[in-house]
Amino acid sequence: MVKIHERKFISVDPEKCVGCQVCEYACSFNKEKAFNPLKSRIRVVRVSQVANMAVTCRLCEDPACVAACPRDALSQASDTGNIVLDKDKCNGCGWCIEACDYGAIMLHPETKVVYVCDLCKDKADGPQCVKWCPEEALTVVTSDVLAQKARISAIKKLFQEPEKIE
Amino acid sequence: MFGYAGRVLHVDLATGKTNIEKLDNETAKKYVGGIGIGMKLWLANSKAGVDALSPENPLVLAVGPVSATMFPTGGNGHAFISKSPATGGVGEAVSHGTFGAEIKRAGYDAIVFTGKAEKPVYLWIDDESVQVFDAGNLWGKSPAETEDAIKDELGDYYIRVASIGLAGEKKSKIANIINEKTRAAGRTGLGAVMGSKNLKAIAVRGTSDIVVAKPEEFIEMVKEYHERMKGPAAQKYRTLGTSENIMTQNAMYCMPTRNYNNAHFENAQKVSGEALNERYIAKIIACNSCAMRCEHEAIIREGPYKGTMARMEYDNIWALGPNCGVDRLDAIIKAAELCNYYGLDAQSTGVTISFLMDCHEKGILTHEELDGVDAHFGNAEALVQLVEKIGKREGIGDMLADGVKIAAQKIGKDSDKLAQNIKGLEVTGYDLRCLKTTALSFAVSFRGADHSRSGAYTMDLSGKVDRFKAEKGRGKLVKDSEDVYALIDSLIVCKNAKGTFYKELVDLAKLYMLVTGYDMTPQELGLAGERINNLARLINIREGLGRKDDTLPWKVMNQPIPDDGPAKGSVVTQDELNLLLDDYYQARGWTPNGVPTKDLLEKLGLNEFSSITSGKEE
């Protein structure tokens, strides 16, 4: 028996994301009781008017941020895959920031240690950005489900089904 | 202080010196924010009769108490206020995006620019640090190019920028101020005021937390409005967008066509919202904090205008399309892109081009006088050429670059009868001859011909009132709606979301209270809206405007709608206009001259300005 990866992360559909930054407000309000995109664990990028996408931690299988930390301040939780920070060990050196290909781990402007999405593990209703996104562009998925969706979408296109492709 | 940063930044461009003025609670509550506080600051920092393009004319940038919060559409607005070079009265334009939120996070409710820089500069606001930088290398660039260049220069890609294009640099009185590439503070020519100060751009990065007075109740209200925005109140904006109006207004024969020669466009289908969405709309995007997103981005993928991208709305399609008799959407999108490139208000630009076409067709201007452009209604190529020439002030473009009123003065020969403007500001896409509440609202709008100062047009279009009739009672309708609109532009929330405020003043007062913590009843907030409109009137009176300027374009009053259809023969007579104006002034508590009475100023707490009206009441 093989085991399907159960690690979940927040996936963003660039077709649906409109760059409204509601996720940033929801995140910073939930985590820091203030509206401030600089304290959001998810960040919106507008490369051009038609290319918008929010980015947050993908809970990589072999996270570069953890590997890069020279002080062993970062680790990955074996059950959820969350990136966990030992605040006492972090000195804000930024090696993890440099290592992350997605800009998903950041230095907090006040605490001076790094911070990253934890999928709102303390919230019963899950990640707040997903809950708030007006476009339903954010979903909490496993990599396996993501691949399933991609396959279905590709096959639908191939057979040119008349119904609207999700 | 919640909702307000409590600070006004003053920048003297002549010396580069800056200082901070405290914004006290009383002023904040009295004028709310946005255009309210902006006009108050303008009045306090200017002298009567100031030349709009002189260093002595202050330019004010203001945000509102709701700015940078999570309230949908509330996070993102900002307003520019000054004396308009186009009208000589209040110059005011609101824009959305994210720029306004960034100003608030940097810690300012408003910025007052005075003086003129010796050479082109831009302002860089990095929270507390405010610096005036050389903009020599940016001069001549488009707003989008300017934004990219500043981000590169400063090395921060989350900086927000508002800037002028070539038209503003050349002090075109139809120039706008563009932020984030596709959003414009469009009307009343404030790009020229910025250009006259040698101020190319304002770049800002703000990092402060924004905290509201009642966070838990506030977030519940946000949730409620997210739901409302998914419902019918915002349906139009979420789907076809404002360009839906092309077909609906055309069917009602109230879409001015070929510079008001018609009220119905036979080829409307070709430039409809449906055609636009089907062929060109690549993406609908949102401003900061918005849950209804409405910004329709059009891309041309093939043909002579391949690679063109512009934000399309009813207003720019109408002005550059049916209003010029043009039925080619690709050319209209190209013309809209060029307006953004040069920093021109697309509405005023379109009306100026249709004016030229009209002058040519009526023989007022000969073909030889047209600088090689075949300016006929329906000529899509001429449309694109003329936007280029106006943007560069090149050849015939120089004559047109200050809008129709000034172009008509230069041309003479009774051409002012073809110049569709009020107070020097070009009309927008609502045929006033058969929309009589709208006609009144345009006549009295403090910034000139415009549909954004009240919701009068929705009353006419929805059938709430008989649109063909001028009757008593319309004055009160316009007045009440103007007061709500003034608040929308002061808080600042978005007018496209106005339908989600089911109870208007009640809802807005609740929002204001949850954000600021100030108890304000809906009545008190309504009074603030009235105060802001009266403040605008006081500015206009101080600058020499009055009842004589509350009028309508010649064609609206002298050339009935010729098209066979429901509106055939409609026109606004002088008697009708007089009746409407009297009714409106009465509803406002103004004298028959259109001057606020002493009692009214007393009631609104505007006594400090009573010297402006003294001797002018009769």
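Tutor: Start with one term. Two residues are in contact if their C-beta atoms, placed from the backbone, lie within 7 Å. Keep in mind that this is a predicted model.

Student: Which residues of H20(B) meet which residues of H21(B)?

Tutor: From H20(B) come Leu505(B), Val506(B), Leu508(B), Ala509(B) and Tyr512(B). They meet Pro522(B), Leu525(B) and Gly526(B) of H21(B). By class, this contact has 7 nonpolar residues, 1 polar residue and no charged ones.

Student: Why is H20(B) called roughly perpendicular to H21(B)?

Tutor: Take the angle. The axes of H20(B), residues 505-516, and H21(B), residues 522-542, cross at roughly 95 degrees. Angles of 65 to 115 degrees count as roughly perpendicular. The crossing falls in that range, so H20(B) is roughly perpendicular to H21(B). The two axes come within 8 Å.

Student: How do you know that the size of chain B agrees with a compact globule?

Tutor: A compact globule with 618 residues would have a radius of gyration near 25 Å. Chain B has 22 Å, which agrees. Its C-alpha atoms fill a box of roughly 60 × 55 × 50 Å along the principal axes. Buried residues make up 63% of the chain. Each of those has 20 or more other C-beta atoms within 10 Å of its own.

Student: What makes E8 and E11 of chain B edge strands?

Tutor: Look at the order in the open sheet: E8-E7-E12-E9-E10-E11. E8(B) and E11(B) each have a single partner strand, so one side of each is left without a neighbour in the sheet. Neighbouring strands here are turned by 20 degrees against each other on average, direction ignored.

Student: How do you know that E7(B) and E12(B) pair?

Tutor: Count the bridges. Pairing needs at least two. E7(B), residues 121-126, and E12(B), residues 199-205, are joined by 6 bridges, so they pair. They run parallel. In E12(B), Ala203(B) is the bridge partner of Trp124(B).

Student: What makes E2(A) and E3(A) a pair?

Tutor: E2(A), residues 43-48, and E3(A), residues 51-55, have 5 bridges, so they pass. These strands run antiparallel. A hairpin joins them through 2 residues. Val44(A) stands opposite Ala54(A).

Student: How many residues of chain A are in contact with chain B?

Tutor: In chain A, 17 residues are in contact with 25 residues of chain B. Helix H1 of chain A gives the most to its side, with 3 residues.

Technical notes:
Residues numbered from 1 in each chain as written. Chains lettered and ligands numbered in written order. Predicted model: local features only at pLDDT ≥ 70, side-chain atom pairs only at ≥ 80, totals over all residues. Helix = DSSP H or I, 4+ residues; strand = E, 2+ residues; numbered from the N terminus. Rg over C-alpha atoms; globule rule 2.2 N^0.38 Å. Buried ≥ 20, exposed ≤ 12 C-beta atoms within 10 Å, placed from the backbone. Axes fitted to C-alpha atoms, helices over the stretch in contact; angles between N-to-C directions. Parallel < 35°, antiparallel > 145°, perpendicular 65-115°, else oblique. Nonpolar A, V, L, I, M, F, W, Y, C, P; charged D, E, K, R; others polar.
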